[in-house]
Amino acid sequence: MIVTERLILSPTSVTDFDDCHAARTDPEVMHFIGGPATSEDTWIKLLRNIGHWSAFGHGLFTVREKHGGRFVGDVGLATFHRDLGEDFDPYPEAAWVLARSAHGKGYATEAVQAAHDWYFARREPGRTVCIIAPENQPSVRVAERLGYRAFGDATYKGKTVTKFERLA
């Protein structure tokens, strides 16, 4: 568990399903990442996130507000094997998806930075990557605040994405 000034990050659990599904069915939240999810899609992603912890000792955290416990979203570093090339796939990938109620509060930057700090406290510093739809300017700004820089484009699930890297 990680505690920041405003947030609590904990490894994903099956008890997070309802909150995750509520966020993943919100068209605004999912606009740039595939559109609203079905219950099955949410379940599969939830199990993938839980499995990361078993397989790798790290993964996505469920993020909640420190005061009140309201669901904020999922953030962390994972190994997704997206087939985006040798300049991307071998590296830990940062990811963040925040509920609409958490947008515009700086929670993404706070949570993702905390996840990076936690991750690299347990490993040698190194390169991390992420992908973002180029038109998703709020996420691009989060990535840039965290020190990520664009290094190319790719096609992922039929859409153009920008590949970003952060050198630690």
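Colleague: Why does V14 count as partly exposed, in terms of relative accessibility?

Modeller: This is a predicted model, and the value comes from its atoms. V14 has 45% relative accessibility. Buried means under 20% and exposed means over 50%, with partly exposed in between. V14 therefore counts as partly exposed.

Colleague: Where is V14 placed?

Modeller: V14 is in the loop between β2 and α1 (17-24).

Colleague: What makes the nonpolar surface patch that includes V14?

Modeller: V14, W43 and L47 make that patch, of about 260 Å². A patch residue needs over 30% relative accessible area.

Colleague: Why is C20 called buried?

Modeller: Its relative accessible area is 4%. The cut-off is under 20%, so C20 is buried.

Colleague: And C130, buried or exposed?

Modeller: C130 has a relative accessible area of 1%. That is under 20%, so C130 is buried.

Colleague: Which residues touch the most other members of the largest nonpolar core?

Modeller: L9, V75, W96, L98 and C130 do, in a core of 30 residues. Elements that each supply at least two residues include β2 (7-11), β4 (71-78), β5 (93-98) and β6 (128-132). The largest share, 9 residues, comes from α4.

Colleague: What does W96 touch?

Modeller: Leaving out residues up to four places away in sequence, W96 touches D74, V75, A108, V112, C130, I132, S139, V142 and A143.

Colleague: Why is H81 called exposed?

Modeller: H81 has a relative accessible area of 59%. Exposed means over 50%, so H81 qualifies. H81 is in the loop between β4 and β5. Its phi is near 50°, a positive value in a residue other than glycine.

Colleague: What makes K157 exposed?

Modeller: The relative accessible area of K157 is 67%. That is over 50%, so K157 is exposed. K157 is in the loop between β7 (149-156) and β8 (159-166). Phi of K157 is near 50°, a positive value in a residue other than glycine.

Key. Residues are numbered from 1 along each chain as its sequence is written. This is a predicted model: local features need pLDDT of at least 70, side-chain atom pairs count only at pLDDT 80 or more; totals for chains, interfaces and linings use all residues. Side-chain values use heavy atoms; hydrogens and water are left out. A nonpolar core is a set of buried Ala, Val, Leu, Ile, Met, Phe, Trp, Tyr and Cys residues joined through side-chain atoms within 4.5 Å. Buried means under 20% relative accessible area, exposed over 50%, partly exposed in between (1.4 Å probe, protein chains only). Helices (H or I, at least four residues) and strands (E, at least two) are DSSP runs, numbered from the N terminus. Contact means heavy atoms within 4.5 Å. Patches are made of residues with over 30% relative accessible area and no salt bridge: like charges are joined within 9 Å, nonpolar side chains (Val, Leu, Ile, Met, Phe, Trp, Tyr) within 5 Å. Accessible areas come from the Shrake-Rupley method with a 1.4 Å probe; for residues, only the protein chains shown count as cover. A salt bridge is a side-chain nitrogen of Lys or Arg within 4 Å of a carboxyl oxygen of Asp or Glu.
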